[in-house]
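This briefing covers the fold, the pockets, the nonpolar cores and the charged pairs of one protein model. Please keep the sequence and the structure open while reading.

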Amino acid sequence: MNNVNSKSETSSPPSFSLRRKDFSILVAQAELFNCEVLCQLLKQQGYNVVGKAIEMEDTLQQIRVKQPQCVILESEISGRRSVDIVQQARSDNQRTKFILYTSKPDLKLVASAMQQGFYGFLYANDGLDELYKCFQTISSGGFYYSPGFLLLLKNYGMNVMTDETKEQLGRLSSRELEILRLVAHGATGYEIADQLHISYRTLANHKMNIAQKLKLGSCRNLARYGISVKEYL
């Protein structure tokens, strides 16, 4: 994290019931220095840091082999967006929970991360205390949004996705989410079919499946629902 040095000298982590030595962590950051510093700080506080990575493929390999309970994942590593590979990593190890650390105010990236299975969300101006609070929350099954991250959302005019919406969108495949996004942006059926290179009949089947999964009653309600969750698609 960009400010770990200054924060670590003045802030002491709160006392949590979490058994730190039993909470395995993989630190994946784009910059080697930041990665090394954060690893050392966590080790000093008694956390079980099982690995560190600054390359995306190395991150994926370590998740497969070491099966950490938590990965602190920077929003972009090796020139690739981390959110794009989370589903692949989760398929390798279902128990791993991901914490997104971002220093880039990228609306599309933030919205994608909130949709794709992250449990914790931190922004560049957050200190170590927020990371410790995040560990405690996600270890007990919750979701954590730091004050810095919530301020970022507020500046975008966004709200935190509710657990209900997250569960609903989680029922959809990537193709179904893409169709719902296009519907929410006002694209016609023929425009969507042409853009996705599928037949109109195939699109109709996708829409019917989406409506059934979301329990909307009818495909006619897709546009209204899509607009209501547009910022998360």
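On a 1 Å grid over the protein atoms alone, a pocket is an open set of points where a 1.4 Å probe fits, with protein on both sides within 12 Å along at least five of seven lines, and its lining residues have an atom within 4 Å of a point. Grid points are joined across faces, edges and corners, and a volume is the space filled by probe spheres set on the points. By these rules the largest pocket has a volume of about 700 Å³.

The model is predicted: local features need pLDDT of at least 70, side-chain atom pairs count only at pLDDT 80 or more, and totals for chains, interfaces and linings use all residues. Residues are numbered from 1 along each chain as its sequence is written, and side-chain values use heavy atoms, with hydrogens and water left out.

**Overall make-up**

- The protein has twelve helices and eight strands; these are DSSP runs, numbered from the N terminus, with helices (H or I) of at least four residues and strands (E) of at least two.
- Of its 233 residues, 49% count as buried, where buried means under 20% relative accessible area, exposed over 50%, and partly exposed in between (1.4 Å probe, protein chains only).
- The protein exposes about 11,500 Å², and carbon and sulfur atoms supply 47% of that area; accessible areas come from the Shrake-Rupley method with a 1.4 Å probe, and for residues only the protein chains shown count as cover.
- Among contacts (heavy atoms within 4.5 Å) with a separation of 6 or more, 66% join residues 24 or more positions apart.

**Largest pocket**

- The lining of the largest pocket is made of 26 residues, and those nearest its centre are Ser112, Gln115, Gln116, Leu177 and Tyr232.
- Helix H4 (86-92), helix H5 (107-115), helix H8 (163-169) and H9 each supply at least two residues of this lining.
- H5 gives the most to it, with five residues.
- Tyr232 sits in the segment after H12 and counts as buried, at 8% relative accessibility.
- Tyr232 and Thr165 are 67 residues apart along the chain, and their C-alpha atoms are separated by 9.3 Å.

**Nonpolar cores**

- A nonpolar core is a set of buried Ala, Val, Leu, Ile, Met, Phe, Trp, Tyr and Cys residues joined through side-chain atoms within 4.5 Å.
- The largest one has 46 residues, and Leu73, Phe98, Met114, Phe118, Phe121, Leu169 and Leu180 have the most contacts inside it.
- Helix H9 (residues 174-184) gives the most to this core, with five residues.
- Another core lies apart from it and has 23 residues, among them Phe23, Cys39, Val49 and Ile72.

**Helix H9**

- The buried residues of H9 are Glu176, Leu177, Ile179, Leu180, Leu182, Val183 and Ala184.
- These buried residues pack against H5, H8, helix H10 (189-196), helix H11 (200-213) and helix H12 (222-228).
- Gly186, with a positive phi near 90°, follows H9.

**Salt bridges**

- A salt bridge is a side-chain nitrogen of Lys or Arg within 4 Å of a carboxyl oxygen of Asp or Glu, and the count by this rule comes to five.
- Glu36 and Lys52 form one of them, with the closest N and O atoms 4.0 Å apart. Glu36 lies in helix H2 (residues 32-44) and Lys52 in strand S2 (residues 48-53), so this pair ties together parts that are 16 residues apart in sequence.
- Glu36 counts as partly exposed at 30% relative accessibility, and Lys52 counts as partly exposed at 36%.
- Lys133 pairs with Glu130, with the closest N and O atoms 3.7 Å apart. Both lie in helix H6 (residues 128-139), three residues apart, about one turn of the helix.
- Lys133 is partly exposed at 35% relative accessibility, whereas Glu130 is buried at 13%.
- Arg171 and Glu167 meet through their side chains in a salt bridge of 2.7 Å, N to O. Arg171 is partly exposed, with a relative accessible area of 27%, and Glu167 is partly exposed, at 44%.
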